[in-house]
Amino acid sequence: MSRAPVVRAIAALAVIAASLFIAFTMSPRLGLDLRGGTQLVLETRDSPTVKADAAATDRTLEVLRRRADALGVADAPLARSGERRIIVELPGVQDPTKAAEVIGKTAQLTFHPVLGAPDPASGTKPGKGEQILPDDRGLPVQIGPAALTGDGVGDAAAGIDPQQGTAWFVTVDFRDSGRAAWAKLTGKAACASPGDPKRRVAIVLDDKVIVSPQVNEDVACNVGLPGSSTQITGDFTAEEAGDLALLIKGGSLPVPVEIIEQRTVGPTLGSAAIAASAQAAVIGIALTALFIIVTYRLVGLIAAAALACYALISYAALVGLGATLTLPGLAGFVLAIGMAVDANVLVFERAREEYAAEPVFRSALEKGFRNAWSAVADSNITTLLAAGLLFMLASGPVRGFGVTLSIGVIASLITAMVITRVLAQWAVGLSAVASRPKITGLAGIGRVRTWLNARKPDLMGRRAVYYAVTGVLVAASVAGVAIRGLDFGVEFTGGRLVEYTTSTPMTADAARELVGRAGFPNAVVQTSGDGISVRTGQISPAEVVRIENALESGGAQVVKERDELIGPSLGEELRRNALIALGVALLAQLGYLAFRFRWTFGMATVLALVADVAVVIGAFAWLGKPIDGVFLAAMLTVVGYSVNDKVVVFDRVRELWGARPKAAFGEVVNTAILQTVPRTVNTGLGALFILAALAVLGGDSLTDFAVALLIGIVVGTLSSALVAGPLAIELERRRPGTPPRPKGRRPARPREGSGAVV
């Protein structure tokens, strides 16, 4: 007896046990769009003295980490992205204005000697390295080059004088390098007479004199203050002293930074998204499981149990790898459930064919798994290519979609080819099942396949009709783009998008009028139920508050749920990366299919994919839906899913052509399409259940994602049979090739001699 089934059973149990352990002992890491908070993307800039390279960005990151700690955000994730960018996540921080002020503050803290108090009428010009700035009282003061920077500061804290009650001060502790510089600076100032401006020390923050105290009279000339700390006194309020101590404690940034992206999400929106995605997952799994049980009976029931194992394994993999689960990532997790059905359907349809040829359940099932492996592997690899492109070229939450989709594809392979296989082989071996073959779901090829075998419609004989319909759809899509244009979201154009919820519904016209009165007549204002979205150009946080106050003047209570700011340079980069991602996806599919099949198959697939993509983009143009990062995720998923269908068709074409090399190629393609129709229909329905649940329950952003996929899957499924197949026939007619060699065992070498031993 072969040990392979035993090994598979042990492997399946080990994977399930490990997944259960991880699921019950570890918690998922939720992205900010699910738990609420603020994410900032900062880009370092060159300063007059320091180049913003990777090393300077790393030093800047450490300063920002101290600032985030000072904000009270425990374990705030900070990471360098590329050479110049830093991603800062602040869970629970709902005030982006405060976060941006503290985190993004350049905070070039310096200590300067005061050279005098020039008369504005005298026209005094500062020398090299000198500056004339207003002091903390508004009077001009001339300062020399910096004698000490914020790098020499170790700590700072605000305090209050208990004798005066309201006199706040800031205590500054110096590092070893800062102590000597501070003593030298104050010692030189002490040489001037009391009351002389030269006896003062100017403390400057971002070219603004915060305070310029005079050195006490008891400090000796050229001796200075030798201690490791000093006090900055002035007319501070408690808040001013606290903010000054916070910035000094954080230290100076080695190079200036600029906020190029900001995302703020309220916790209620995140919890609602989790609940909606969970409902969509439950409903989608239930409908998909019911569908495959009705279609495939006993083995369908086993596949439904494997789907539950798939969900467990995918979740455990996400948690175990420490992946951040985002809102698009949840969509990817739910969508991959529908895609997990694909491998099971491929195997079961192939097992039905094998049983019809040789009615032995165990043998038919084994051949079904073995012969379907090629199509399963090819279709999943193409999906992984699309997911990999999302991870490399997308940004923000959309990258999470690429991660969860990749994990889902791998988990679906494990559940279908290992867990389903173990359970199905055990079930068909039972005597009760052997005596009732119909309950297995494998004893017949199905009503659709039976009808097609009886009628044998000549689909490829109407190629001109398919070309005409495809041309009309593509032309309508191009017309939609030309007439309506593409509504690029803030993510691709740059600008600010703010979403609010209101206590009472407000019409779009009323909200638009209020926003226009606030000084933003060109803002794009849209409403959906009790939600209002406002899209503008680059506006400040103070202007966002102005819009919020204007909406509240309409009589409704307004709560800000989401705030996204994308810089113009980042928007242009994301838009460029989106085009690159789509182009590379098409080229990658062409290359892979040309390698695995024939260049004619690959070219036919890519041409059909171009039509699929054009139809989806045109539909979004006519519907006026936004083209953003979530749409990019949907498009790349459409590419991967559409290629899945075409891979299955061409895999069957290759097999039939190799078995019947003298048959006409058009006839081979027609037969292959008819044989794969049940798989295509059943897989498509499984995905449509999931997407319909997402479209109804997923909220605005996930609804657009689900609509794009619904259109793409329907169009891609039809194009696999009615566009890619006919195109392959045309290409083979122009550049005919030789049929592939049929699969089979290598003939045994004849034994030489009698085999006798002398």
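Lys-456 lies in the loop between helix H12 (447-455) and helix H13 (463-483). Helices (H or I, at least four residues) and strands (E, at least two) are DSSP runs, numbered from the N terminus. Phi of Lys-456 is near 50°, a positive value in a residue other than glycine. At 62% relative accessibility, Lys-456 counts as exposed. Here buried means under 20% relative accessible area, exposed means over 50%, and partly exposed lies in between (1.4 Å probe, protein chains only).

The structure is a predicted model: local features need pLDDT of at least 70, side-chain atom pairs count only at pLDDT 80 or more, and totals for chains, interfaces and linings use all residues. Residues are numbered from 1 along each chain as its sequence is written, and side-chain values use heavy atoms, with hydrogens and water left out.

A positive phi also occurs at Asn-222, with a value of about 60°, although Asn-222 is not a glycine. Asn-222 is found in the loop between strand S12 (209-211) and strand S13 (229-236). The residue is exposed, with a relative accessible area of 63%.

Salt bridges were examined next. A salt bridge is a side-chain nitrogen of Lys or Arg within 4 Å of a carboxyl oxygen of Asp or Glu. The structure holds 28 of them. One joins the side chains of Arg-352 and Glu-349, at 3.5 Å from N to O. The two residues are three apart in helix H8 (residues 327-357), so about one helical turn separates them. Both Arg-352 and Glu-349 are buried.

Arg-598 forms a salt bridge with Glu-732, and the closest N and O atoms are 2.9 Å apart. Arg-598 lies in the loop between helix H17 (568-596) and helix H18 (599-623), while Glu-732 lies in helix H21 (residues 699-734), so the pair ties together parts that are 134 residues apart in sequence. Arg-598 is partly exposed, at 21% relative accessibility. Glu-732 is buried, with a relative accessible area of 6%.

Helix H21 also holds the pair Glu-730 and Arg-733, three residues apart and separated by about one helical turn. Their salt bridge has its closest N and O atoms 3.9 Å apart. Glu-730 is buried, at 17% relative accessible area, whereas Arg-733 is exposed, at 54%. Elsewhere, a network of salt bridges links Arg-350, Glu-353, Glu-354, Arg-652 and Glu-655.

Helix packing was then considered. The axes of helix H19 (residues 629-659) and helix H20 (residues 665-697) come within 8 Å and cross at roughly 145°. Axes are lines fitted to C-alpha atoms, for helices over the stretch in contact, and angles run from 0 to 180 degrees between N-to-C directions. H19 passes H20 in a right-handed crossing. A crossing is left-handed if the near helix is turned anticlockwise from the far one by less than a right angle, and right-handed if clockwise. The residues of this contact divide into twelve nonpolar, seven polar and three charged. Ala, Val, Leu, Ile, Met, Phe, Trp, Tyr, Cys and Pro count as nonpolar, Asp, Glu, Lys and Arg as charged, and the others, Gly among them, as polar.

H20 bends by about 45° at Thr-676, and a proline, Pro-678, follows within four residues. The bend at a residue is the angle between axes fitted to the seven residues ending there and the seven starting there.
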